[in-house]
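I opened this entry to record what I looked up, one topic at a time, with the cut-offs written beside the terms. The structure comes first, and my notes follow it.

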Amino acid sequence: MKSQLRVLAIVAGVLCSSIAFAKMDAPAAPASAAASASTTSLAKTPAVKKDAASAAKTAAPITAAPGGGDGKVWVNTKSKAYHCEGTEFYGKTKVGEYMTEADAKAKGNRGKACGKK
């Protein structure tokens with residue numbers, strides 16, 4: 001019985017000293033601050049998403065939609081902007097269609113004039 005009490009006293013002493021030590025290392029913060037700190041640390045984790053996104057960009061280049069060429073422009077139907085053949089976004093936006101530059105302008109789309117090189 002005395003040995004059990006001694007063990008309990010030692011365990012209690014260790015717990016109290018570790019709690020006191022923990023309080024000494026970190027300044028006391030209100031419970032709401034502690035909760036917001038844990039959510040902020042979770043908010044900092046999207047670095048994985050950035051790495052995955054950059055890996056996806058370098059892994060496989062986006063291929064142009066089939067059907068271009070012959071002096072047609074690629075019209076991004078969402079942004080209403082058109083892209084000339086040979087430019088970065090020609091046939092590569094998520095939504096769009098090929099048409100002549102004159103048709104693109106007539107439908108109210110905007111873009112730089114595509115000249116023959």
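I began with the link of Cys84 and Cys114, which is left-handed, with -85 degrees about the S-S bond. I noted that Cys84 lies in the loop between strand 2 and strand 3, while Cys114 lies in the segment after helix 4 (101–106), so the pair ties together parts that are 30 residues apart in sequence. The S to S distance in this disulfide is 1.6 Å, and a disulfide here is a pair of cysteine sulfur atoms within 2.5 Å. By this rule I count one disulfide.

Before going further I wrote down that this is a predicted model, in which local features need pLDDT of at least 70 and side-chain atom pairs count only at pLDDT 80 or more, whereas totals for chains, interfaces and linings use all residues. Residues are numbered from 1 along each chain as its sequence is written, and side-chain values use heavy atoms, with hydrogens and water left out.

Cys84 is buried, with a relative accessible area of 14%, and Cys114 counts as partly exposed at 26% relative accessibility.

Next I looked at the whole chain. I found four helices and three strands in the protein chain, where helices (H or I, at least four residues) and strands (E, at least two) are DSSP runs numbered from the N terminus. From the N terminus on, the elements run α-α-α-β-β-β-α. Buried residues make up 15% of the 117 residues in the protein chain. For contacts, meaning heavy atoms within 4.5 Å, I noted that among those between residues at least 6 apart in sequence, 46% join residues at least 24 apart.

Trp74 stands opposite His83 in strand 2, and its bridge partner in strand 3 is Tyr98. Strand 1 and strand 2 form a hairpin with four residues between them, and Lys80 in the turn has a positive phi of about 65 degrees. Four of the five residues of strand 1 are buried, so this strand is largely enclosed by the rest of the structure.

I also looked up the largest nonpolar core, which has five residues: Val73, Val75, Tyr82, Met99 and Ala104. Such a core is a set of buried Ala, Val, Leu, Ile, Met, Phe, Trp, Tyr and Cys residues joined through side-chain atoms within 4.5 Å. Leaving aside neighbours within four places in sequence, Tyr82 is in contact with several residues, among them Val73, Val75, Ala104 and Cys114.

My next entry is on Thr93, found in the loop between strand 2 (81–83) and strand 3 (97–100). Thr93 counts as buried at 17% relative accessibility. Its side chain makes a polar contact with the side chain of Trp74 at 2.6 Å, a polar contact being a pair of N or O atoms within 3.5 Å; within protein, one must be able to donate a hydrogen and the other to accept it, and residues adjacent in sequence count only if both atoms are side-chain atoms. A polar atom of the Thr93 side chain also lies 3.0 Å from the backbone oxygen of Val95.

Last, I checked Glu97 in strand 3, which counts as partly exposed at 36% relative accessibility. The C-alpha atoms of Glu97 and Val75 are separated by 5.4 Å, although these residues are 22 residues apart along the chain.

Note on methods
Buried < 20%, exposed > 50% of the residue type's maximum accessible area, 1.4 Å probe, protein only. Pairing = 2+ DSSP bridges.
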